[in-house]
Amino acid sequence: MTPSDYTTFGFFFDKVIRDYHGDASGEKKHITDWDTGDVDYDVTKLGQDELSMRVRVGRNLVGFNLPGAMEKDERITFERKMLPSFDLLKEKYGGKVHSLTPDFGELGANPNLITEDEYQQLVDAHVMFKDMAADPYLNSAGISNDWPYGRGCWQSDDKMLIIWFGEEDQLRIMCMKKGSDLLEVFSNLNEMLQTVEGIDGIDFAKDDNYGYVTSCPSNLGTGMRASVHIKIPKLTADGTDTKAKAVCKPLGLSVRGTGGEHTPIGADGTVDISPSARLFIKEKEIIGKLFEGIKQLMDIENL
């Protein structure tokens, strides 16, 4: 599948996409807007101390197949195409590329190849994604094919900025930090995105109706997931997130384990929460919904 297939086969995709994302009118068009104005989203106002905060977006480039349709050579070509962009990012943010690609075939050795131990350290630090070949969902979509070729990440010197390449989307661009101001990670991500988009040869795939194109239709639009790790020991007293999910769904929040999707919650009741909406919603509204969701969830937890 190519990014343009959402348009080419719109007669098939459109109704399904709009139904999933709640567009009963069938006429909405996605609008991108990061401008939060002068709002204050510091969670200390909600009685929280430092939280693990992360905001990420999925992006794919024009001219390449989406990851599920890529073959090994195309994955290597994509990684090599991104290397000059990472060099430019290193000029501004410092950092290093960590690659899992064993070699570049006829083009020789991979100068950014890391060891298995280094990879596991990055996974344990939540900097790098886990072994995709072990994920049955990614396997069924062809996204994990040719593992580990074309996979890796760049991380800035301050450890806040990360770009994954070769995961579910060609690029997962993110900012993460422990802190209290949600706008810090949100705004820093937006600044880095503008830097990446300004690099010659980087053309993010977009659709006139659905915004930024992603591998999974559930992520179309913003491609954004804004999340925090938060302790809710009362709602997770049975050791599961069952009650938390039941409470969060009406609030428009998704609940995951601390290691991501399909992982367990923390032993102390820590879960990962994020607004569920991606399409026909503005980026500034997602970060606002996260702040409001934290407030509403803690009101219920503290009853």
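1. Histidine 126 counts as partly exposed because its relative accessibility is 41%, where partly exposed lies between buried, under 20% relative accessible area, and exposed, over 50% (1.4 Å probe, protein chains only). Histidine 126 is found in the loop between helix H4 (116-124) and H5, and its phi is near 65°, a positive value in a residue other than glycine. Helices here are DSSP runs of H or I with at least four residues, and strands are runs of E with at least two, numbered from the N terminus.

2. This is a predicted model, in which local features need pLDDT of at least 70 and side-chain atom pairs count only at pLDDT 80 or more, while totals for chains, interfaces and linings use all residues. Residues are numbered from 1 along each chain as its sequence is written, and side-chain values use heavy atoms, with hydrogens and water left out.

3. Two further backbone details deserve a look. Lysine 159, in the loop between S3 and strand S4 (161-165), also has a positive phi, near 70°. The peptide bond from tryptophan 147 to proline 148 is cis, with omega near 5°, and proline 148 is placed in the loop between helix H5 (136-140) and strand S3 (152-155). Most residues other than glycine have a negative phi, and most peptide bonds are trans.

4. Helix H3 (residues 72-93) packs against helix H6 (residues 182-197) at an angle of about 140°, with the axes 10 Å apart, the axes being lines fitted to C-alpha atoms over the stretch in contact and the angles running from 0 to 180 degrees between N-to-C directions. H3 is therefore oblique to H6, since angles under 35 degrees count as roughly parallel, over 145 as roughly antiparallel, 65 to 115 as roughly perpendicular and the rest as oblique.
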